[in-house]
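Please read them alongside the coordinates.

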Amino acid sequence: MLSADRGQPGKALSLGKIHAPTQRVGTGKLRNNQKGSEMLPASTEKDISRRQIGREHDSSYRIGTHYDNKGLLYGNSCERRLELTSSFTLTSEYRVTADIFAAQNNTLTEIYQTFGQCTAVVDEEVLAHYRARIESYFAEHGIKLRMLECPAKEEDKNLSSVLKIVDYLASPDINQPRKEPVLIIGGGVLHDVAGMACSLLHRRTPYVMLATSLIAAIDAGPSPRTGVNAHNFKNSLGAFHPPIITLVDRNLFGTLDPAYVRHGVAEIVKMGIVDDSELFSILERHGAALISARFSDLRDPKLADVADDVLYRTVASYLKHEGTNLFEVYEDRPHAYGHTWSNKFELSARLLHGHAVSIEMCLSAQIAVLMSWITEDQCVRIIELCRSLGLAVYHPIIEDIDRMVKTQETVRRRRGGEGLCAPLPKRQIGECDYAQVISSDLLKAATNKHRKICRQLPDHGAGTEMYLKG
Ligand SMILES: NC(=O)c1ccc[n+]([C@@H]2O[C@H](COP(=O)([O-])OP(=O)(O)OC[C@H]3O[C@@H](n4cnc5c(N)ncnc54)[C@H](O)[C@@H]3O)[C@@H](O)[C@H]2O)c1
Ligand SMILES: [Zn+2]
């Protein structure tokens, strides 16, 4: 179990090395008449081979320690053909700490002292609570702090916000060096927007993500998916650019609006349903208490321990699937549960992300029942857990089957164009499989069934504070 050490650098969860996909230049087979070089036989014809002409790089020229790349180049000068196999390596960490801005906490100092400065992009609401502590922390450690204050609501998740951050980082006063990680301090929105800005600056600038919200701590923060909403679709544009370090101090959630804690718990429920049945059971027992304490104000040491356990289990489960597939080369992604149709209806209905995910998870559970993947009882357990946490389980927007089918088609193309690859629970809670085709008849039948059940509920399946504010 991962515990928070007060005033100490946090425990680290290393993501290890992640290899990017292979890139190839030239598709023809290489005919080799030359001698003396490394010869690799081609797969099909005996007289065809390849000659390695790539090179090693001198490590003294390497920029930073978190990224590396290697390449193998094979050439055939007679046929003027080249074939490149290249790999990109990232080393990334997830660390939990406590009282991150306390003078004796070395977590940020260890990262920024060598640079003598830190460029931070900070959520304006976070700054309203923590400006004095952030400024005095860096001042006490003699690290020059340059800070950009950013509005970071769902409405700000757009390209113009990304460009404002890029303009700041590239301005003559800041001139952010390529090897120095930007510090992002904020929730999921700021992660996605500022992370995308870092992906553009110098074509790739590293960043450290200090998660100030629950979603940023367990999902968006360590995620490689940066991006913005566009074309009335969630996260329609973006780049795969993970942080080099994600830092979590759950005490910071104490100033978060409780509505944002609640919607964040939907992403934890998600990992419980598709990957970790014990996590699901822990939420059945303690989820409501954790939400009321915002995972932060935990005087009961047992509940504090549960909070740490829940955060650790969720991230470990998430990174098991996401950290080994950072560039979404594979579509067997359990954490996409609840993220198929909601990509469209979340924005249209102005729902908070977690409530949209929760509504889709419940509808998907009904689909799984109709497909005989789970039992009726398991579906009821999923809906009851979401209800007990105040998450929405129904919204009339899902009754627009045409819209849902169109969204499904867009998502299918976005995921690679073969099947839909929609994760659904299968066999038992904690396991899932991927539905490749969901017909409009099946979608309609599941929606009707779910609507009838939710009509019996006093609030018709609505969640607590389920809509975007403002
Ligand atoms: N990249 C990914 O893989 C990924 C995963 C999950 C969610 N997301 C995205 O994350 C977003 C939701 O994240 P969120 O719940 O963090 O929302 P958010 O970033 O909008 O933060 C919620 C609100 O709380 C404020 N805030 C943040 N931390 C605070 C703190 N400690 N004290 C006081 N106020 C604070 C913010 O200014 C904002 O108004 C959605 O846009 C969703 O699409 C991305
Ligand atoms: Zn999500």
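1. One aromatic cluster is made up of Tyr67, Phe88, Phe240 and Phe327. The model is a predicted one, and 6 aromatic pairs are found in it. Two of the pairs are described in the next points.

2. The rings of tyrosine 67 and phenylalanine 88 are 5.6 Å apart centre to centre, with 40° between the planes, and the pair is classed as tilted. Tyrosine 67 belongs to strand β4 (residues 67–76) and phenylalanine 88 to strand β5 (residues 81–96), so this pair ties together parts 21 residues apart in sequence. Both tyrosine 67 and phenylalanine 88 are buried.

3. Phenylalanine 88 also pairs with phenylalanine 327, here edge-to-face, at 6.4 Å centre to centre and 80° between the planes. This pair links distant parts of the chain, 239 residues apart: phenylalanine 88 is in strand β5, whereas phenylalanine 327 is in the loop between α8 and α9. Phenylalanine 327 is buried, as is phenylalanine 88.

4. Which residues coordinate the zinc ion (ligand 2)? The donors are Glu267 (OE), His339 (NE2) and His353 (NE2), at 2.0 to 2.1 Å. Along the sequence, the spacing of these donor residues is E-x71-H-x13-H. The two histidines link distant parts of the chain, 14 residues apart: histidine 339 sits in the loop between α8 (301–322) and α9 (342–348), and histidine 353 in helix α10 (residues 353–370).

5. The cut-off for buried is under 20%.

6. Ligand 1 has 29 residues around it, of which Asp123, Glu154, Gly188, Ser213 and His263 come nearest. By class, the shell divides into 9 nonpolar, 10 polar and 10 charged residues. The largest share, 4 residues, is from α4.

   - Histidine 263: a polar side-chain atom at 2.6 Å from an oxygen atom of ligand 1.
   - Lysine 157: a polar side-chain atom at 2.9 Å from an oxygen atom of ligand 1.
   - Valine 189: a backbone N or O atom at 3.0 Å from an oxygen atom of ligand 1.

7. Ligand 1 exposes 860 Å² when taken alone, and the protein buries 97% of that. Elements giving two or more residues to its shell are α2 (124–140), α4 (188–200), α5 (214–220) and α6 (258–274).

Definitions and conventions: Residues are numbered from 1 along each chain as its sequence is written. Chains are lettered from A and ligands numbered from 1 in the order in which they are written. This is a predicted model: local features need pLDDT of at least 70, side-chain atom pairs count only at pLDDT 80 or more; totals for chains, interfaces and linings use all residues. Side-chain values use heavy atoms; hydrogens and water are left out. Donors are N, O and S atoms within 2.8 Å of the metal (3.2 Å for Na, K and Ca); water is not among the atoms, so sites may look incomplete. A residue is near a molecule or strand if one of its heavy atoms lies within 4 Å of it. A polar contact is a pair of N or O atoms within 3.5 Å; within protein, one must be able to donate a hydrogen and the other to accept it, and residues adjacent in sequence count only if both atoms are side-chain atoms. Accessible areas come from the Shrake-Rupley method with a 1.4 Å probe; for residues, only the protein chains shown count as cover. Ala, Val, Leu, Ile, Met, Phe, Trp, Tyr, Cys and Pro count as nonpolar, Asp, Glu, Lys and Arg as charged, and the others, Gly among them, as polar. Rings of Phe, Tyr and Trp (its six-membered ring) pair if their centres lie within 6.5 Å; planes under 30 degrees apart count as stacked, over 60 as edge-to-face and the rest as tilted. Buried means under 20% relative accessible area, exposed over 50%, partly exposed in between (1.4 Å probe, protein chains only).
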